[in-house]
Amino acid sequence: MKITDLKCTVIGQNPVVRIMTDQGIDGYGEAEATKSYLRPYVLFYRDYILGEDPTNVESVMLKIRRLGGFKPWGSAISAIEMALWDITGKASGLPVYKLLGGKIRDKVRVYNGGVRFELKGFFPRDYAENMAKIKGAKEGFTIVKQAIGYHGPMARQVPNFTYSEIRPRVGGFNPSRGPLTESGLNHVIACVEAMKKVLGDEVGLALDCGPGWTIPDAIRLAKALEPLNIMWLEDLLTGDYVPYVSPGMYREVTTSTSTPIHTGEQIYLRQNFQELIEKRAVRIIGPDPCDVGGIAEMKWIAEYADLHGILIAPHGIFDGLIGIAAHIHAGATMPDNYIAFEYPVASPEWWYDIVDGLPDPIVTNGFIEVWDKPGLGVVFNKEAKKYLPEEDADFFD
Ligand SMILES: [Mg+2]
C-alpha cells in the first residue's frame, strides 16, 4: 500500500487530516480546536510521506518526527500519526488498540474536561456553585478539573492576588507569573475548600494551576491542600505551551508534599519526558496524543512512566471527536498507572451529527466503552461535506 495524498482542512474549529492510499483506504487524524491555523503546517509534511507504506507507521514517522516541536508544533505530526494508525487498522480489519498490544480494559475512565457551565465570579461561592453543576452533569464524572491561580482569570480578577505584574493575555495565553500575596494564596485555598465541600469524597478534584507559580508558593499550596486529598495540581511551574520542562524545579515541589504534582500537556516526544520520569520529578504526567507525537508515542511514555511508579492522566480538552478515539485506543492498552483522560466536547455542536461510531451517549458513569470497529472506528458520514470550508470542498473526494 502507498500513500497517494495528505490533505488538511478545518472543520468547525478542529484541523482534520486525511491520508489517502492507492488501495482506496483512507485515515483521519485531528488536532486541537485552538489550532485552526495549523493547515499549512500539516501540508508541509505532504511531500515527505507520499509513496510510503502507511501501515509501516514507524517508518513513516521516522521521516517526519524530527520536524516537530513542543506544543503547538507537534500537533501536525501527531495528527498524521493518528491517521496512519487509522489506515493500518482499517487495512487489517482490527481496532487500533489491538495493534498496540490489545486492550486490558473494556471501558476507559475520563475526567472533565470540556463540559463547562458559566463561572459567575472568582470567589469560593462561585466555584462551589459551578462544581455542583458539573457534579450533576449527565456524564457522571468521577473526576473533575478546575482552573485556579494563574490558570484562567482568577489572578486577574481577584484584587491583591500577586506581588507581580498582571500582564494582559496574548492570544489566549496568560504571561503572568510570580509570587502570590498571602491573601492571594489564602483565596486559592478557600476556593478549593469550597469546591471540595460540594464534591465530597465521591468525585475527585484536580486543579489546573498555572504555569507561573514560584517554588515556595507551589510548596505552600500543595502542603495546605494535603488534608483535602486533591487528585493533582497541574502545571504549577511550567506547562501549557511553555517550551521546556524544568524537572529539577518540579522535583523540589513533588518531594515536599503528599499532594500529587502533574505536568506534561505541552511536551513533544518521549525523550522530553525522560528526565521528568527518571528523576520522579512529578507523580503524574499528562501528555496529549494530539501534541506528544501521536497514539503509539503516548502509549510508550505511559509504559515508561509505569516502570518508575508515575501515573498518567492524558490531556485532551480540545481534541475533538477523532481525538476521543485516539484517547480510547491508547487508554485501553495502558498499564494500571492509567487514571483518566480529559474529556473533550465537540465544538460547534453539529460535529456530533457528522461522525459515526462513538457510543451514544458517549460517556456513561464517567467511562467510555471501548469499541471494536476497524481503525480508530470513528468515521465521517455524508452530512460532513456540508461543513467543509469552500476552499476545501473536495476534502472527502
Ligand atoms: Mg492544563
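This is a predicted model: local features need pLDDT of at least 70, side-chain atom pairs count only at pLDDT 80 or more; totals for chains, interfaces and linings use all residues.
Trainee: Which residue follows α12, and what is its phi?
Mentor: G309 follows α12, and its phi is positive, near 75°. Helices here are DSSP runs of H or I with at least four residues, and strands are runs of E with at least two, both numbered from the N terminus.

Trainee: How many residues does α12 have, and how far does it reach?
Mentor: α12 has 13 residues and reaches 19 Å from its first C-alpha to its last. That is close to the 18 Å expected at 1.5 Å a residue. The expected span is 1.5 Å times one less than the number of residues.

Trainee: Which α12 residues are buried?
Mentor: I295, A296, E297, M298, K299, I301, A302 and A305. Buried means 20 or more other C-beta atoms within 10 Å of the residue's own; exposed means 12 or fewer, and partly exposed is in between, with C-beta atoms placed from the backbone.

Trainee: At what angle do α12 and α13 pack?
Mentor: About 40°, with the axes 10 Å apart. α12 covers residues 295-307 and α13 covers 320-331. Axes are lines fitted to C-alpha atoms, for helices over the stretch in contact, and angles run from 0 to 180 degrees between N-to-C directions.

Trainee: Is the crossing of α12 and α13 left-handed or right-handed?
Mentor: The crossing of α12 and α13 is right-handed.

Trainee: Switching to α8. What do α8 and α9 look like as a pair, in angle and axis distance?
Mentor: α8 and α9 pack at about 35°, axes 11 Å apart. Their crossing is right-handed. L185, V188 and I189 of α8 touch D217, R220, L221 and A224 of α9. The α8 contact with α9 has 5 nonpolar, no polar and 2 charged residues.

Trainee: And which residues of α8 are buried?
Mentor: G184, H187, V188, C191, V192, M195, K196 and L199. The cover over them includes α6 (124-135), β5 (143-147), β6 (204-208) and α9 (215-224). G200 comes after α8, with a positive phi near 55°.

Trainee: K196 is a lysine on that list. Why does K196 count as buried?
Mentor: K196 counts as buried because 20 C-beta neighbours lie inside 10 Å. Setting aside neighbours within four places in sequence, K196 is in contact with L205 and L228.

Trainee: What about K35: where does K35 lie?
Mentor: K35 lies in the loop between β3 and α1 (39-43). K35 is buried because it has 22 other C-beta atoms within 10 Å. Not counting residues up to four places away in sequence, K35 touches P15, P72 and S75. V10 is 25 residues from K35 along the chain, and their C-alpha atoms are separated by 9.1 Å.

Trainee: Bigger picture. How is the protein divided into domains?
Mentor: Domain 1 is 3-93 + 381-392, and domain 2 is 99-375. Those bounds come from an automatic or database domain assignment. The C-alpha centres of the two domains lie 26 Å apart.

Trainee: How many residues are in contact between domain 1 and domain 2?
Mentor: 35 residues of domain 1 contact 30 of domain 2. β3 (26-30) and α4 (75-92) each supply at least two residues of the domain 1 side. α4 gives the most, with 12 residues. By class, that side of domain 1 has 12 nonpolar, 15 polar and 8 charged residues.

Trainee: How many residues of α4 are buried?
Mentor: 16 of the 18, so α4 is largely enclosed by the rest of the structure. α4 reaches 26 Å from its first C-alpha to its last, close to the 26 Å expected. G93 follows α4, with a positive phi near 70°.

Note on methods. Residues are numbered from 1 along each chain as its sequence is written. Two residues are in contact if their C-beta atoms, placed from the backbone, lie within 7 Å. Ala, Val, Leu, Ile, Met, Phe, Trp, Tyr, Cys and Pro count as nonpolar, Asp, Glu, Lys and Arg as charged, and the others, Gly among them, as polar. A crossing is left-handed if the near helix is turned anticlockwise from the far one by less than a right angle, and right-handed if clockwise.
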